[in-house]
Structure formats: C-alpha cells, structure tokens
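Here are a few exercises to work through with the model in view. Try each one yourself, then read the solution.

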Amino acid sequence: IWPKAKDGSAHVARSIALAMRQKQQENKPIVLGLATGSSPIQVYRELVRMHKEEDLSFANVVTFNLDEYYPMQPGAAQSYVRFMNEHLFDHVDIKRENIHIPDGTLDMDEVEAYCEQYERKIGTYGGIDIQLLGIGRTGHIGFNEPGSWEDSSTRMVRLDGITRQDAIKDFGQEADVPYRAITMGIKTIMKSRKIYLLGWGQHKAEILQRAIEGEVTPNIPATFLQHHPDVSVHLDYGAAEMLT
Ligand code: F6R
C-alpha cells in the first residue's frame with residue numbers, strides 16, 4: 001500500500017525493468033501481458049522515462065495486450081492499439097512485430113479461430129512472464145465480466161452494463177460504447193508467471209476489498225487471482241481503505 005499511485009507505479013516499473021534487464025543478459029525474450037485504462041498509465045510513463053534516461057531497452061520485449069473492444073478500428077480514438085502507442089510503444093524501441101493486441105476489426109465468424117491463435121501465440125513465446133492488471137468496478141480483469149469461469153480462454157465477451165457506463169467518459173455517449181470485446185480469459189491470465197494488480201483511488205476500494213478478501217466466485221472474476229501463486233497487489237491509500 002502506497003501513499004500515491006505514482007510511488008506504487010514507480011516500484012512496479014522498476015521491478016519490470018529489472019526482469020527485462022535480466023532476460024536481456026541471458027539473451028532471451030521477456031513476455032509482458034499489458035493492460036490499458038488509467039491504472040497502468042504511470043507504470044508506462046516510468047518505463048518510458050527509464051528507456052530515455054537509463055538505457056532501458058525493449059528490443060527483447062514481446063507484448064500481449066489483455067483486450068480490445070469489438071468492433072474497433074485500430075485508428076479510432078478509443079482503440080487500445082492507439083492507447084498503447086500513445087502511452088508506451090511510440091516512445092520505446094520495441095519491435096512492431098513483437099506487439100500483439102486483440103484485433104477488433106475481424107468478422108464475427110473469424111473471431112473464434114483468431115482467439116485460439118492468440119492463445120497459441122502466447123504459448124509459442126513460452127507464456128507470459130509478467131502480467132499487469134487493473135480491476136473494473138464489476139470485478140473484471142481483462143474484460144472477464146461477472147459469470148466468467150476460471151477455465152476461460154481468449155474469447156469474445158459481452159461487456160457488463162456498469163463497464164459500458166464507465167466507458168462513456170471515453171466514447172462520449174452510451175450509444176457509442178461497443179457491446180462486446182475480445183479478451184484473454186481467466187485461464188490465460190492465471191498462467192502468467194507473475195501478476196501485478198494495480199488499484200488507485202477510493203472508487204476502487206469496495207471492489208478491491210471483495211476481490212482480495214471475499215470468497216472466490218465467478219461473480220467477481222478478480223477473486224480467482226487468490227488462486228495464483230505470485231500476485232503482487234499495489235494500491236494507494238484510497239483504494240486500500242476498505243481492507244480489513
Ligand atoms: C484494460 C482492462 C480492464 C481495466 C479495468 C480498469 O485493458 O483489461 O480490465 O484494467 O477496466 O480500468 P481503469 O484502469 O481505467 O480503472
């Protein structure tokens with residue numbers, strides 16, 4: 001628990017940078033699972049700073065993003081492709097071919113095979129070393145909304161009404177918020193070797209209390225993280241307020 005999001009984010013960024021440098025010394029790729037939204041922004045800012053000021057290289061980094069709205073054009077203002085470019089990829093030396101973000105432009109009948117391929121691709125790189133997560137007010141991680149099971153894989157999902165409400169700030173009006181998304185599953189996330197869950201602000205306090213201290217249930221998919229052997233949760237004072 002940190003006084004401010006900035007402090008916790010700097011710590012997480014330093015931990016990721018250390019793992020990146022270790023893998024680089026071994027001449028091996030490191031696979032990062034990445035999130036969008038407000039939670040990881042300051043981690044990305046710190047990683048970009050380290051790239052510019054401390055020679056942190058992304059040349060050996062492979063990334064898989066958690067999710068993307070469906071349908072979504074990569075150039076649209078709300079796309080997660082655009083988000084990742086603006087907050088991280090455009091500012092570091094990552095190889096474009098090492099970046100993977102679920103494709104929001106597919107036809108419906110292409111999605112299932114695409115999702116299986118996304119899973120396989122993660123597998124060919126040896127799985128995710130470090131997964132960054134935020135949490136939604138519904139208890140979602142990725143876009144695994146209430147009702148998602150622990151054995152779920154990458155797939156098309158319907159967004160919860162609360163999640164769509166929360167997305168109005170990005171889309172302007174509810175009618176423009178997509179009803180669907182493509183997301184890694186709970187199983188995909190749980191296979192990551194190390195997970196950082198980030199939560200900043202009082203508005204996350206209630207769901208974080210239930211996720212961390214409540215019983216494990218598909219009604220709050222983030223509770224499945226209680227089964228993971230290496231999750232590190234980073235909260236500011238506001239987000240930690242309801243923990244007992
Ligand atoms: C984003 C994602 C979501 C967000 C969650 C919290 O890629 O998968 O689960 O992490 O909705 O969003 P913020 O951080 O904006 O509060």
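**Exercise 1. Find out which residues Thr138 touches, and whether Thr138 is buried or exposed.**

Start with the contacts: leaving aside neighbours within four places in sequence, Thr138 is in contact with Glu145, Pro146, Asp160, Ile162 and Thr163. Here, contact means that two C-beta atoms, placed from the backbone, lie within 7 Å. A quick word on what you're looking at: this is a predicted model, where local features need pLDDT of at least 70 and side-chain atom pairs count only at pLDDT 80 or more, while totals for chains, interfaces and linings use all residues. Residues are numbered from 1 along each chain as its sequence is written.

Strands (E, at least two residues) and helices (H or I, at least four) are DSSP runs, numbered from the N terminus.

Now count neighbours. A residue is buried if 20 or more other C-beta atoms lie within 10 Å of its own, exposed if 12 or fewer, and partly exposed in between. Thr138 has 21 other C-beta atoms within 10 Å, so Thr138 is buried.

**Exercise 2. Work out the strand order of the open sheet of 6 strands.**

Recall the general idea: strands of a sheet pair through backbone hydrogen bonds, either parallel or antiparallel. Two strands count as paired if DSSP finds at least two bridges between them.

Reading across, the order is 4-2-1-5-8-9, with parallel pairing. Strand 4 (99–100) and strand 9 are the edges, each pairing on one side only.

Then zoom in on strand 5. Strand 1 (residues 30–34) runs parallel to strand 5 and is joined to it by 2 bridges; Gly33 has Gln131 as its bridge partner there. Strand 8 also pairs with strand 5 in the parallel sense, over 4 bridges, and Leu133 has Leu197 as its partner.

Finally, check the faces of strand 5: Ile130 and Leu132 are buried on one side, and Gln131 and Leu133 on the other.

**Exercise 3. Which residues of helix 8 (residues 205–213) are buried, and what covers them?**

The buried ones are Ile207, Leu208, Ala211 and Ile212. They sit on the same side of helix 8, because they cover an arc of only 120° around the axis, taking the directions from the helix axis to the C-beta atoms. Their cover includes strand 8 (194–199) and strand 9 (231–235).

**Exercise 4. How many residues surround the ligand?**

There are 14, and the closest are Gly37, Ser38, Ser39, Gly134 and Gly136.

**Exercise 5. Describe the chain as a whole.**

Count the elements: 8 helices and 9 strands. Then the extent: the C-alpha trace spans about 45 × 45 × 35 Å along its principal axes. Buried residues make up 43% of the 244 in the chain.

Note on methods
A residue is near a molecule or strand if its C-beta atom, placed from the backbone, lies within 6 Å of it.
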